[in-house]
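Welcome! Have a look at the model, then start.

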Amino acid sequence: QLLNFNKFLGIDPAQLLKVFINDFTKSAAFIEFALRRVSGTSRSVLLATILELRLRDYAEGNIEDAKCEELLIPFIEEENMTEALHLARVFHCFPVVQHILKKTGRTKELIQYYLKNGKIKEVVELCKNEKKSDMWMDLLVYISKKEGPVDEKVVQEMLAGIEASGSLHPLVVLEILSRSSTLKVAAVKEYVIKWLDAQKKQIESDRKAISEGEKRMQEIDKQIESLKFK
């Protein structure tokens with residue numbers, strides 16, 4: 001049961017944490033209660049404390065990724081974001097690091113964090129949203145250097161995203177991926193076929209345009225010749 005905070009008017013609630021030092025549940029409950037009623041330095045101390053307590057709990061496997069939105073994110077504010085990011089990195093809390101990097105718009109850093117943790121699918125989605133060629137390049141290089149197996153479906157999704165964005169020439173994409181020692185042909189087969197098909201259609205279109213151009217030139221020549229003999 002939550003404590004009656006009115007009993008502690010005039011007392012720094014951060015100092016009362018000592019009472020619950022060995023009781024995480026009551027400590028967290030007290031902090032949540034106190035945070036609704038304090039500001040300034042005391043609030044900063046309480047935020048840092050509950051974040052560290054819950055991040056430790058996360059690191060010990062007591063908090064799942066899905067619960068971070070409820071149990072950790074609410075205690076991350078503008079003032080403590082830098083400290084929260086540091087703590088999240090220390091305790092390897094992926095959801096919190098991801099949340100902060102997204103919220104602060106640190107896209108490049110977020111991509112590197114994803115890649116470091118092997119979150120290729122998340123990088124693909126990020127690249128689709130950002131539509132920047134250098135981000136696709138970073139992902140391609142990462143996959144080309146990856147020693148372990150790569151999910152073919154994710155690679156195909158990446159290639160579809162690159163194709164849709166039109167930000168990289170297929171020859172550049174294939175040249176980078178060809179450096180991979182683990183990537184299978186099946187992963188890029190559809191992409192190559194689509195590109196070759198597009199090339200074939202473009203060649204046919206160009207030939208048709210040339211043929212039509214030649215016909216027009218012949219007609220113009222005939223008109224010129226007919227004018228000479230009038």
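**Exercise 1.** In which loop does Lys131 lie?

*Solution.* Before starting, note that this is a predicted model, where local features need pLDDT of at least 70, side-chain atom pairs count only at pLDDT 80 or more, and totals for chains, interfaces and linings use all residues. Residues are numbered from 1 along each chain as its sequence is written, and side-chain values use heavy atoms, with hydrogens and water left out.

Step 1: find the helices, which are DSSP runs of H or I with at least four residues, numbered from the N terminus. Step 2: Lys131 lies in the loop between α7 (120-130) and α8. Step 3: check the backbone; phi of Lys131 is near 55 degrees, a positive value in a residue other than glycine. Step 4: Lys131 has a relative accessible area of 61%, so this residue is exposed (buried means under 20%, exposed over 50%, partly exposed in between, with a 1.4 Å probe and protein chains only).

**Exercise 2.** Find the place of His92 and decide whether this residue is buried or exposed.

*Solution.* Step 1: His92 sits in the loop between α4 and α5. Step 2: its phi is near 55 degrees, a positive value in a residue other than glycine. Step 3: the relative accessibility of His92 is 65%, so His92 counts as exposed.

**Exercise 3.** Work out which residues are linked with Arg89 in a network of salt bridges.

*Solution.* Step 1: recall the idea that side chains of opposite charge can pair when their charged atoms come close. Step 2: apply the cut-off for a salt bridge, a side-chain nitrogen of Lys or Arg within 4 Å of a carboxyl oxygen of Asp or Glu. Step 3: Arg89 and Glu109 form such a bridge, with their closest N and O atoms 2.6 Å apart. This pair links distant parts of the chain, as Arg89 is in helix α4 (residues 81-90) and Glu109 in helix α6, 20 residues apart. Step 4: Glu109 also meets Arg106 in a salt bridge (3.0 Å, N to O). Step 5: put together, Arg89, Arg106 and Glu109 are linked in a network. Step 6: look at the accessibility of each member: Arg89 is partly exposed at 35%, Arg106 is partly exposed at 32%, and Glu109 is partly exposed at 30%.

The structure holds 10 salt bridges, including one between Glu70 and Lys67 (2.7 Å, N to O).

**Exercise 4.** How do helices α5 and α6 cross?

*Solution.* Step 1: take the axes, which are lines fitted to C-alpha atoms over the stretch in contact, with angles from 0 to 180 degrees between N-to-C directions. Step 2: the axes of α5 (residues 94-103) and α6 (residues 107-116) come within 9 Å and cross at roughly 160 degrees. Step 3: therefore α5 is roughly antiparallel to α6 (under 35 degrees counts as roughly parallel, over 145 as roughly antiparallel, 65 to 115 as roughly perpendicular and the rest as oblique). Step 4: the crossing of α5 and α6 is left-handed, meaning that the near helix is turned anticlockwise from the far one by less than a right angle.

**Exercise 5.** At what angle do helices α8 and α9 pack?

*Solution.* Step 1: helix α8 (residues 133-145) and helix α9 (residues 152-165) pack at about 150 degrees, their axes 11 Å apart. Step 2: so α8 is roughly antiparallel to α9. Step 3: α8 passes α9 in a left-handed crossing.

Notes. Helices (H or I, at least four residues) and strands (E, at least two) are DSSP runs, numbered from the N terminus.
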